[in-house]
Amino acid sequence: MRKIISVSLIILFVTAFAIAQASVQDIIITPTQPSSLIVKIWTDRAIGSTYYQGDNIHIYFKTSQDAYITIYDYTTDGNLRVLFPNSYQRDNFVKGGEVYVIPNPNYGYNLIVSGPNGRETIEAVASIMPGVIPQPKMGNQAFTEIPEGLGYLQKLKVDIVGKSVAVATTYFYVGYVPGVGIVHFDSNPNGASLYVDGVYEGKTPLDLQLPEGNHLAVFWYGIFNISKAFSVIANTYQNVSSVIPAFVTQPQQSFSINFTTSPSGAMIFVNGKMLGISPCSIDLGTGNYEITVVKPDYSTVVTNVYINGSQNFNFSLQRLR
């Protein structure tokens, strides 16, 4: 007879109010190109729900095709762990259309929520090809801890550039129910695919009720995306807008734009597409652009610029703790 070991596993959730320093751009992983693969992840309560100390939690996930998947848990004190694969479920290959659950009932352990209060973010990254997503070395712990934290997520963003991966996100609150506000999302032109905190919400324009705090919206126009970080204040109404990249709609005169960073070696994304590594020169036409600067172990920089001639941009990057 197979022996089942009963394990009570405590996941600690630490308050975000005084500790967390990470921006939503640093936490949320955004693919650099669309993928035919679809991955979904959810808990046993609706997204944004509240759990209390001592509650059991189950995390479910599935992919649209056979795939290799890794699930990350980012805590509000900046810790990062891998929930899947784990010491019980070591193989990260999953069958398309099949629903998987953590904890798996075959292994006799539980996930129990423990305070104090905060918001927890869980991200799933999947690929139909093995080896695309780097796998941290498993130790003796049930779930592998990643000491690099945000630095590891930044390296992961570099690793998946130009690769076909699918990403899904969910989050929940521990110990309190956040207030909510209404956010109106629109784009020019309408019809952009909108993701908020990694969750697909529909086509613009649309209104969403969102919990107070920091969020990240990503507008997709075909192969291009534009991200917008914003904050929700309870009991308020606000707009978040995006404009389609100028170079998508019509050809025009281009200008040489020089990008430098301190330190060098950062990836330069223009409207969601990686176009160079600093120092570099990129040709852009007249118009508004979103510039995203990504370098492993450093905070992500996102800024909007207007181009109407040759320009120089220098970004000073802040090292993550």
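Which residues form one aromatic cluster? Tyr 88, Tyr 107, Tyr 109 and Phe 143 do. The model is predicted: local features need pLDDT of at least 70, side-chain atom pairs count only at pLDDT 80 or more, and totals for chains, interfaces and linings use all residues. Residues are numbered from 1 along each chain as its sequence is written, and side-chain values use heavy atoms, with hydrogens and water left out.

Aromatic pairs
- The whole structure holds 15 aromatic pairs (rings of Phe, Tyr and Trp, the last by its six-membered ring, with centres within 6.5 Å; planes under 30 degrees apart are stacked, over 60 edge-to-face, the rest tilted).
- Trp 42 and Tyr 60 are stacked, with ring centres 5.9 Å apart and planes at 15°.
- Trp 42 is in strand β2 (residues 39-43) and Tyr 60 in strand β4 (residues 59-63), so the pair ties together parts 18 residues apart in sequence; strands are DSSP runs (E, at least two residues), numbered from the N terminus.
- Tyr 171 and Tyr 173 pair edge-to-face, at 6.0 Å between centres and 90° between planes.

Charges over rings
- Arg 119 lies over the face of Tyr 171, 3.8 Å from the ring centre (CZ of Arg or NZ of Lys within 6 Å of the centre and within 35 degrees of the ring normal).
- The charged end of Arg 45 sits over the ring of Tyr 51, 4.1 Å from its centre.

Thr 121
- Thr 121 lies in strand β10 (residues 118-127).
- Leaving aside neighbours within four places in sequence, Thr 121 has contacts (heavy atoms within 4.5 Å) that include Ile 27, Tyr 72 and Tyr 171.

Technical notes
Helices (H or I, at least four residues) and strands (E, at least two) are DSSP runs, numbered from the N terminus.
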